[in-house]
Amino acid sequence: MLGLVKKPFVVAVEINISLVAVTVMGLMSRLWGLSYPRAVVFDEVYYGQFVSLYMKRIFFVDDSGPPFGHMLLALGGYLGGFDGNFLWNRIGAEYSMNVPVWSLRLLPALAGALCVPLAYQILIELHFSHCAALGAAFLILLENSLITQSRFMLLESILIFFILLAVLSYLKFYNLQRHSSFSGSWWCWLLLTGVACSCAVGVKYMGLFTYMLLLAVSGLHFWHMIGDQNFSNVSLVYHFLARGLALILIPVTIYLSFFYVHLTLLYRSGHHDQIMTSAFQASLEGGLARITQGQPLEVAYGSQITLRNVLGKPVQCWLHSHTNTYPIRYENGRGSSHQQQVTCYPFKDVNNWWIVKDPGMQQLVVSNPPRPVRHGHIVQLVHGITTRYLNTHDVAAPISPRSQEVSCYIDYNISMPAQNLWRVEIVNRESDTDLWKTILSEVRFVHVNTSAVLKASGFIGASLPEWGYRQLEVVGEKLSKGYHQSMVWNVEEHRYGKSQEQKDREVELHSPTQMDISKNLSFMAKFTELQWKMLTLKNEDTEHKYSSSPLDWITMDTNIAYWLHPTSGAQIHLLGNVVTWASANVAALIYTSLSLWYLIRRRRKIYDIPEDAWQLWVSAGGICLGGWAVNYLPFFLMEKTLFLYHYLPALTFQILLIPVVLQHLGNHLCRPPLLKSMFSALVVAWFSSIYLVYCTFSPVTYGEPSLSVPELKDLRWKDSWNILIRKQ
C-alpha cells in the first residue's frame, strides 16, 4: 500500500492544437457582438412568440416542426430570466430591457460555432489529412451565411450541429468496428449517433433526411458484414440488435420524450388549442377545461349536450339550429323543404344545445338511475330551445345537392312525415357494447330511414348565403365505406337534464354544470393527436418577398434581408460566400465526373487509383455528396414557401466535399513536383479569395460597420440581390 503512495500519479493528455484553434475561432466568429442588434431580426419574430408561450406555460401548435428546437430556444430565455412579456409583432422592433437578447441567441450561436470543429473531425474520421480537415474547418468558419444564421434566435444552426454530430458519431463508431466491437467507446459512439439523429429530427423534420441517410449507410455496412466469414451467426445477431436498439428504438423513445416534456410544460389553454379535439382541450388548464370540468361522463337518455364536429376545419363548429327556415326556393330555382335550418356554428351559443331522447318515451329529463346510451342505440335529437327534432329526408341540400338536407322538423300537415330516428355509432369503440361518453367518444349519427350520415360539409368552404347567416352547411351524406372526420362528432358540453317544462329547461340550458368526473387523456393519445395535427395542419402559404425556389439556391441568385437599422445604412443579410458556393458546385461536378470515369474504367479492369484510395473516395462521396442530395432534392417535391436558409444543411455537406476533391486531385492527378507546386499555390490563392470575400461581406453579416450608399451598391454583385438602399 505504501509502495503505491511513493509513486506519483501521472495523467498523460494529448491536445490537438489545431482542433482547439479552430474551435476558439468558431466561438469568436459566432459569439462576437451577439446582442447586436438589440432588435427583432427576421424569423425571431416567429420563434420568439413560442419562447414567450413556453415562459407562460401556454399550449401552442407549430406545424413547422417538432418541439425540441423551440424548447432549446426557450431554455436560453429561461437561463436569462425571461418572463415572456414581449410583443413579437414586428421585425426590427427594439427589445425591451426584460428580454435577455444575448441569452436567447446563445444556444444557436454555440451550435454554429461547434460546427467548425465537427467539420474538422469528420474529415479526420473519413481518413483524410489534417490539412484537408483544416480546410473543411476554415470553409465552415468563413461561410457568411452560416455565421448569419447562427447569430440569431433561429433553428438552422442547431439542426446542422446535430446533423454533423450524428455523422461524426457514426464514423467514429464505424472506425472502431474492426478492432473494438462492443467496447465502451464503440457503444458510446453508436448510442450518440442515435441520440444526435433524434435531436436533429426533433429540431426540424429536415433532420429526417440525414437520419435516413445514416440508416442506409449503416444497412449497407451491415450487409457487407453478413458476407464477412470472420463474423459468426451469433455475432451478426448481436450487431443487428445493437444497431436496432441504438439507431431505431432509442431515437424513437427520445423523440417521444420531447413531446412529453413539451406537453408537461405547456399545460395551460391558449388560442392554439382550438384546433385540437375537445378531449385534448379539456385536458388543459383553463379554456374548455373550465367549462367541462366535472361534467357527467356517460351520455344518457335525457342528457343535454353540445356536439362538436371532430374535423375542426376550416374552423371548429358545433351542431346548431335556430328558428329560421330554409327558403322555399333557392337562388338557382331548386325547392327546399322549408323546414327549420340546421347548421354548424363556429361559436358557443345556447342554440348549440340538443337533448338526447328515447324514441319510445316522451320525457326529456334523465331518469334515476340514468339510462346510458350505447353503441348502436336509436335516439332522437331534440333542439333544446325550439324543441324540434333533428330530421333528414330525400330533399337536396342547399349547397351540396348530391347530399340530403338536414333540418329540424316542422309539421306542415303535408305528405312529408318526420324522419327523425338516428343510430349512434361510436367510431373509436373498443367493443359493440361501449357506452357513449362525453368528450372521449367519437360518434357518427346514421339516419335510420335513409342510411345517410350526419356531416358538416363546411370543411370545403360551403357556407350558407345570407339567409343562413353564412354559417356552415350540415348535410346527410349517403353511407359509404370508411368515414371522413367531417362525419364524426363528439359531445363537448354535457349535463343531465332535470326540467321537463320548456321555460325551466331554457333557464337550465343557459346555466353551467358542476359535477366531478375527470377526463384526462393519456400521453400517447395526446402525442398522437398533436403529431397528426403538426403533419396535417396547413397554414395558407402566401408569397413572401424573399421566398425562392431550390434552383435559385445553388447559384445563390437570391438573398434575404434580415434587419435594417431604422436610421443608418447598417443591415444584415443572409448571403453566402460567393467563392465557397461556386467552389462547392464545382467540387460536386468534379466528384460526379471523376466517379463516372473511374467506374467506366474499372468496368474495363483499368484501375487508375489504388483500391484503398477508391474506397476512401467512395465513402467520402457517400457521406458528403449523399448528404447534399438528401438535404436538397426533396425540396423540389414540397409545396410550401421556401427560403434560402432551407439550403444550408445541404450546403454544409457540399462544403465538406471541397477538401475531399482537392486532396484527391493533389494526390492522384497532380503527381509531378512542378504540377503539385502549382496546384498548392492555386489552393492558397483560392483560400485567400475566400477570406477576402468573407471580409468584404462581413458588414452585412454582422450588421456593422454601417456602409454608405456607394459601398452598399458595390455589394450588389448580382442584380437579383436585394441590398437595401435608403432614398436620399
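What is the volume of the second largest cavity? In this predicted model, where local features need pLDDT of at least 70, side-chain atom pairs count only at pLDDT 80 or more, and totals for chains, interfaces and linings use all residues, that volume is about 40 Å³. Residues are numbered from 1 along each chain as its sequence is written, and side-chain values use heavy atoms, with hydrogens and water left out.

Rolling a probe the size of a water molecule over the atoms shows where empty space is left. On a 1 Å grid over the protein atoms alone, a cavity is a set of points where a 1.4 Å probe fits but cannot get out, while a pocket is an open set with protein on both sides within 12 Å along at least five of seven lines; a lining residue has an atom within 4 Å of a point. Grid points are joined across faces, edges and corners, and a volume is the space filled by probe spheres set on the points. By these criteria the structure holds 3 cavities of 30 Å³ or more.

The largest cavity contains about 60 Å³ of space. Its lining consists of Arg30, Gly112, Cys115, Ile140, Leu146, Gln149, Ser150, Ser157 and Ile160. Two or more of these residues come from each of helix H5 (101-125), helix H7 (144-150) and helix H8 (156-176); helices (H or I, at least four residues) and strands (E, at least two) are DSSP runs, numbered from the N terminus. H7 gives the most, with 3 residues. By class, this lining has 4 nonpolar, 4 polar and 1 charged residues, where Ala, Val, Leu, Ile, Met, Phe, Trp, Tyr, Cys and Pro count as nonpolar, Asp, Glu, Lys and Arg as charged, and the others, Gly among them, as polar.

Around the second largest cavity, the lining residues are Tyr301, Gly302, Val356, Lys357, Asp358, Gln363, Val365 and Arg371. They divide into 3 nonpolar, 2 polar and 3 charged residues. An unreviewed UniProt entry carries the annotation "domain: MIR" for residues 296-359 and 370-427; UniProt positions are given in the numbering used here, feature names are shortened, and annotations may be inferred rather than shown by experiment. Residues 296-359 are 0% helix and 41% strand, with their end C-alpha atoms 22 Å apart.

Turning to open space, the second largest pocket holds about 760 Å³. It is lined by 27 residues, of which Thr277, Asn428, Leu440, Glu442 and Glu529 are the closest to its centre. Helix H12 (278-282) and helix H15 (523-536) each supply at least two lining residues, and H15 gives the most, with 7. The pocket lining comprises 11 nonpolar, 8 polar and 8 charged residues.

Gln340 belongs to strand E3 (residues 340-345) and counts as buried because its relative accessibility is 0%; buried means under 20% relative accessible area, exposed over 50%, and partly exposed in between (1.4 Å probe, protein chains only). Its side chain makes a polar contact with that of Thr386 at 3.0 Å. Such a contact is a pair of N or O atoms within 3.5 Å; within protein, one must be able to donate a hydrogen and the other to accept it, and residues adjacent in sequence count only if both atoms are side-chain atoms. Beyond four places in sequence, Gln340 is in contact (heavy atoms within 4.5 Å) with residues including Ser321, Tyr326, His383, Arg388, Cys408 and Ile410.

His377, by comparison, sits in the loop between strand E4 (353-357) and strand E5 (378-383). His377 is partly exposed, because its relative accessibility is 29%. Leaving out residues up to four places away in sequence, His377 touches Tyr301, Pro372, Trp422, Arg423 and Val424.

The peptide bond from Tyr36 to Pro37 is cis, with omega near -5 degrees, and Pro37 lies in the loop between helix H2 (17-31) and helix H3 (44-56). Another cis peptide bond joins Glu704 and Pro705, with omega about 5 degrees; Pro705 is in the loop between helix H20 (673-702) and helix H21 (709-714). His127, although not a glycine, has a positive phi of about 70 degrees and lies between H5 and helix H6 (130-141).
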